[in-house]
Amino acid sequence: MTVTPIDLFASFIHLRQDGQVRAEKPVFVSERDGWQVMTFRVETDADVHGDHWEVHTAADEVVSCLTGGIRLCFRPEQPGGEEEQVRLAAGTAAVVPRGRWHRIALDAPSDIMSITLPRGSRLERRTEA
């Protein structure tokens, strides 16, 4: 077996249920089984679909800020409630609970890594964007 480097910014890492690990095209497939590791270089809120809320129904999600600075924004759980935010500096991460609607906002150009089970994930356009 030949081991070769993987460009994390050009591939998603798929941790398959059968124990195999594969580098794949960086396409988010919400029906995919197994965990997915995704690394992004982002410069604007559009790069992180900041005009949408996102939810993962099959598992928690780890969101890590590798460089730069980001904010995890959580949709209010009750109508009329306040949006919550968690700031992540370079080298920090947070766990987004399963089923919690969230989005990312940038404080600076950043490198972000996230890990989740994509199965059942959804996006919903923000009405206040």
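The legends below describe close-up views of a predicted model. Residues are numbered from 1 along each chain as its sequence is written, and side-chain values use heavy atoms, with hydrogens and water left out. Because the model is predicted, local features need pLDDT of at least 70 and side-chain atom pairs count only at pLDDT 80 or more, while totals for chains, interfaces and linings use all residues.

**View 1. A nonpolar surface patch made by Ile6, Leu8 and Phe9.** The patch covers about 230 Å². Patches are made of residues with over 30% relative accessible area and no salt bridge; like charges are joined within 9 Å, and nonpolar side chains (Val, Leu, Ile, Met, Phe, Trp, Tyr) within 5 Å. Accessible areas come from the Shrake-Rupley method with a 1.4 Å probe, and for residues only the protein chains shown count as cover. Leu8 lies in the segment before β1 (12-15); helices (H or I, at least four residues) and strands (E, at least two) are DSSP runs, numbered from the N terminus. With a relative accessible area of 32%, Leu8 is partly exposed (buried means under 20%, exposed over 50%, partly exposed in between; 1.4 Å probe, protein chains only).

**View 2. A salt bridge between Asp111 and Arg41.** A salt bridge is a side-chain nitrogen of Lys or Arg within 4 Å of a carboxyl oxygen of Asp or Glu. The whole structure holds eleven salt bridges. In the one shown here, the N to O distance is 3.1 Å. Asp111 belongs to strand β8 (residues 102-116) and Arg41 to strand β3 (residues 35-42), so the pair ties together parts that are 70 residues apart in sequence. Asp111 is buried, at 11% relative accessibility, whereas Arg41 is exposed, at 54%.

**View 3. A salt bridge between Asp51 and Arg125.** The closest N and O atoms are 2.9 Å apart. Asp51 sits in the loop between β3 and β4 (52-55) and Arg125 in strand β9 (residues 122-125), so this pair ties together parts 74 residues apart in sequence. Asp51 is partly exposed at 30% relative accessibility, and Arg125 is exposed at 53%.

**View 4. A salt bridge between Arg87 and Asp107.** Here the N to O distance is 2.6 Å. Arg87 is in strand β6 (residues 84-89) and Asp107 in strand β8, so the pair ties together parts 20 residues apart in sequence. Salt bridges that share partners join Arg71, Arg87 and Asp107 into one network. The relative accessible area is 60% for Arg87, which is exposed, and 41% for Asp107, which is partly exposed.
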